[in-house]
Amino acid sequence: MILPPAPTVTAQLLADVARSRRMEVRILARRPVPRRLFGRTHLYGGEVFADAVAPELGTALLQPPLRWLADLPAEFTRREIAFTTLGAAYRLDHASFVKPAAGQAFPARVYASGGDLPSGVPGQTPVLVAEPVHFAAEYRLHVLDGAVRAGGRYAVHGVLDPAPPDLLPEWPSVLAFAADLFGRDAETLPSAVVVDVGVIVDGDGRRELAVVAANEAWFSNCYAADPAGVLDVVLRSALPAAAVPTRDRAFVR
């Protein structure tokens, strides 16, 4: 298990579980990567770190399709979402939630118009543009083979507020929504992935569950989720290239 030079709290939690399973855990603080590690490593870390070391390690990184959220049926999104480029988004003349389709090239938030989007980012950067909505609560699901292996709440009204499932009376409803989603769309995602869902509250006070986003498991925060279950998903999401299952080859970054 390879970690970046400055491990996060999540990385440290995963490292503890990995060691309990008799895995070797190594913080990769120097380059070049030792040749003995090639073809036998998993990793957890940010995009810059992962993209730099994964080829040298022979590690494959699984990533959800950039346009997956935009292609979901409306019953799972509850809002209009388009997949486009930042250059096209500059022409927006109304308030929209805009986020990079992958990575963190600029802050994901509601912009009053396209003119408020940050400059200095390549215009060809893929982005998701969504109708602004209010999420009363947001939940992170660590998913393996279409089943939720770990999860919990991470935010309330947009403010970070992690809580484990056993403290959430609404958790069975979240799992039921996830079962419906993955029962119909599991093959459109890698076998190991993180999916965030939330409760949208409209102007009339109606509450509906909806998908917030899909993320790479190998650098997603576990928040209040069980680290053991999270590690199960991470190990499948960043694994030796020779071990990638046939069904996941299309999702290799």
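**Helices, sheets and cores of a predicted model**

Among the elements that cover the buried residues of helix H2 are S1 and strand S3 (59–61). The structure is a predicted model, in which local features need pLDDT of at least 70 and side-chain atom pairs count only at pLDDT 80 or more, while totals for chains, interfaces and linings use all residues. Residues are numbered from 1 along each chain as its sequence is written, and side-chain values use heavy atoms, with hydrogens and water left out. Helices (H or I, at least four residues) and strands (E, at least two) are DSSP runs, numbered from the N terminus. Buried here means under 20% relative accessible area, exposed over 50%, and partly exposed in between (1.4 Å probe, protein chains only).

Helix H2 spans residues 47–57, and its buried residues are Glu47, Phe49, Ala50, Val53, Ala54 and Leu57. Seen down the axis of H2, these residues fall within an arc of 150°, so they line one face of the helix; the arc is that of the directions from the helix axis to the C-beta atoms. The face of H2 turned away from the buried side carries Val48 and Pro55, which are exposed. After H2 comes Gly58, with a positive phi near 70°.

Helix H1 can be described in a similar way. With 12 residues (9–20), H1 should span 16 Å at 1.5 Å a residue, and its end C-alpha atoms are 17 Å apart, which agrees; the expected span is 1.5 Å times one less than the number of residues. Thr10, Ala11, Leu14, Ala15, Val17 and Ala18 are the buried residues of H1. They cover an arc of only 165° around the axis, which puts them on the same side of H1. Val9 and Ser20, on the other side of H1, are exposed. The buried residues of H1 pack against strand S1 (2–3) and helix H7 (227–237), where contact means heavy atoms within 4.5 Å. Following H1 is Arg22, whose phi is positive, near 65°.

Turning to the sheets, 5 strands make an open sheet in the order S10-S9-S8-S11-S12, with antiparallel pairing. Two strands pair if DSSP finds at least two bridges between them. Strand S10 (159–163) and strand S12 (207–215) stand at the edges with a single partner strand each, so one side of each is left without a neighbour in the sheet. From one strand to the next, the twist averages 30°. Helix H6 (residues 171–185) packs on this sheet, touching S8, strand S9 (147–156), S11 and S12, and its direction makes about 55° with that of S8. H7 also packs on the sheet, where it touches S8, S9 and S11 at about 60° to the direction of S8. For these angles, axes are lines fitted to C-alpha atoms, for helices over the stretch in contact, and angles run from 0 to 180 degrees between N-to-C directions.

Within this sheet, strand S8 (residues 135–144) and strand S11 (residues 192–201) run antiparallel and are joined by 9 bridges. Ala137 has Val199 in S11 as its bridge partner. S11 and S12 pair in the antiparallel sense over 8 bridges, and Asp196 stands opposite Ala213 in S12. These two strands, S11 and S12, form a hairpin with 5 residues between them, and Gly205 in the turn has a positive phi of about 85°.

A further open sheet has 4 antiparallel strands in the order S4-S7-S5-S6. Strand S4 (81–85) and strand S6 (109–111) stand at its edges, each with a single partner strand, so one side of each is left without a neighbour in the sheet. S4 and S7 are joined by 5 bridges, and Phe83 is paired with Leu128 in S7.

What lies inside? A nonpolar core is a set of buried Ala, Val, Leu, Ile, Met, Phe, Trp, Tyr and Cys residues joined through side-chain atoms within 4.5 Å. The largest one has 28 residues, of which Trp68, Tyr139, Leu181, Val195, Val197 and Val211 touch the most other members. Two or more residues each come from helix H3 (68–71), strand S7 (126–130), S8, H6, S11 and S12. H6 gives the most to this core, with 6 residues. Apart from it lies another core, of 16 residues, including Ala11, Ala150, Leu231 and Leu235.
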